[in-house]
Amino acid sequence: MKRAIPVVVLSIAGLIPVWLYQPSAGSSTVQATTPAPSSTSSSSSGSSGSNVVTSSTITTEKGPVQLQVTFDGTKITAVKMLQQPDHPQTTAAVPKLVAETLQAQSADIDTVSGATITSEAYKKSLQATIDDNAKTAATASPSPSSSSSSSSSEQASKTVDGTAVDTEKGTVQVQVTFSGTEITAVRMLQQPNHPQTTAAVPKLIAETLQAQSADIDTVSGATITSGGYKESLQAAIDAKG
């Protein structure tokens, strides 16, 4: 019996290292992790061609002026007044300034008579958004697909003359430029020589570029000219096909 006891003790001692070794089996699997692909989403978020730029507020003696300008690449597609002086001359001037901007595609536009202060603040604010958009465009690398699509859209540009509409105030005729299906410019070929017509035309053009159709409001005080304009415009849209 005295010999048997040491044998049993030695056998138990030999098994102890085996028991202690078992828990280490799966430790490397628990510590292994897969990194999240965060950089992919941040780079793709800036790939949109449309860019909306809000200018800083310019304070004038008439009131604050602030613009929000939408660009498609470098092209100005919309201008929205976020702040403007609460003044009748400003209200009358803004549609003219917007129409000239969309026509000129720059801040190199005429000052509206009677609204010099607002016009200058508008042009300064507009130029700031153009500069900001240019910086954004410079940092973005144009993809081959975008450059090919832009060249094809340029090739799709088409100018159509609307019907000459005779009214009791005079003849109204528009010339419309399309880029694909988009109306990009409207030019008056003929219009009545009347102050109310002169004041109404920029508003009609601005509404056309905004609505992208002839479904626009009649300008108060120039109902006859507005009707002739819309008829000539619709004829140009129909002729474009």
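Leaving aside neighbours within four places in sequence, V160 is in contact with V174, Q175, V176, F178, A236, A239 and K240. Contact here means heavy atoms within 4.5 Å. This is a predicted model, where local features need pLDDT of at least 70, side-chain atom pairs count only at pLDDT 80 or more, and totals for chains, interfaces and linings use all residues. Residues are numbered from 1 along each chain as its sequence is written, and side-chain values use heavy atoms, with hydrogens and water left out.

**Overall make-up**

- The protein has 8 helices and 8 strands. Both are DSSP runs, numbered from the N terminus: helices are H or I with at least four residues, strands are E with at least two.
- Buried residues make up 31% of the 241 residues. Buried means under 20% relative accessible area, exposed means over 50%, and partly exposed lies in between (1.4 Å probe, protein chains only).
- Take the contacts between residues at least 6 apart in sequence: 43% of them join residues at least 24 apart.

**V160 in strand β5**

- V160 sits in strand β5, residues 157-161.
- V160 counts as buried because its relative accessibility is 7%.
- V160 and V174 are 14 residues apart in sequence. In space, their C-alpha atoms are 8.6 Å apart.

- Helix α7 covers residues 195-211, which is 17 residues. At 1.5 Å a residue it should span 24 Å, and its end C-alpha atoms are 25 Å apart, so the two values agree. The expected span is 1.5 Å times one less than the number of residues.
- α7 has a kink of about 25 degrees at V201. The proline P202 follows shortly after V201. The bend at a residue is the angle between axes fitted to the seven residues ending there and the seven starting there.
- The buried residues of α7 are T197, A200, V201, P202, L204, I205, A206, T208 and L209.
- Those buried residues pack against α4 (88-104), β8 (182-190) and α8 (223-240).

**α7 against α8**

- Two packed helices are described by the angle between their axes and the distance between the axes.
- For α7 and α8, the packing angle is about 40 degrees and the axes are 10 Å apart. Axes are lines fitted to C-alpha atoms, for helices over the stretch in contact, and angles run from 0 to 180 degrees between N-to-C directions.
- α7 and α8 are therefore oblique to each other. Angles under 35 degrees count as roughly parallel, over 145 as roughly antiparallel, 65 to 115 as roughly perpendicular, and the rest as oblique.
- The crossing of α7 past α8 is right-handed. A crossing is right-handed if the near helix is turned clockwise from the far one by less than a right angle, and left-handed if anticlockwise.
- On the α7 side, T197, L204, I205 and T208 take part. They meet T225, S226, Y229 and L233 in α8.
- S226 belongs to α8 and is buried, with a relative accessible area of 0%. Not counting residues up to four places away in sequence, S226 touches L204, T218 and V219.

**α4 against α7**

- The axes of α4 and α7 come within 8 Å and cross at roughly 60 degrees. That makes α4 oblique to α7.
- α4 passes α7 in a left-handed crossing.
- α4 contributes A92, P95, K96, A99 and L102. Their partners in α7 are A199, P202, K203, I205, A206 and L209.
- T101 is also placed in α4. T101 counts as buried, at 0% relative accessibility.
- With neighbours within four places in sequence left aside, T101 is in contact with I76, V79, S106, I109, Y122 and L126.

**Two glutamines with positive phi**

- Most residues other than glycine have a negative phi, and most peptide bonds are trans.
- Q105 has a positive phi, near 60 degrees, and is not a glycine. Q105 lies in the loop between α4 and α5 (116-139). At 31% relative accessibility, Q105 counts as partly exposed.
- Q212 also has a positive phi, of about 60 degrees, without being a glycine. Q212 is partly exposed, with a relative accessible area of 31%.
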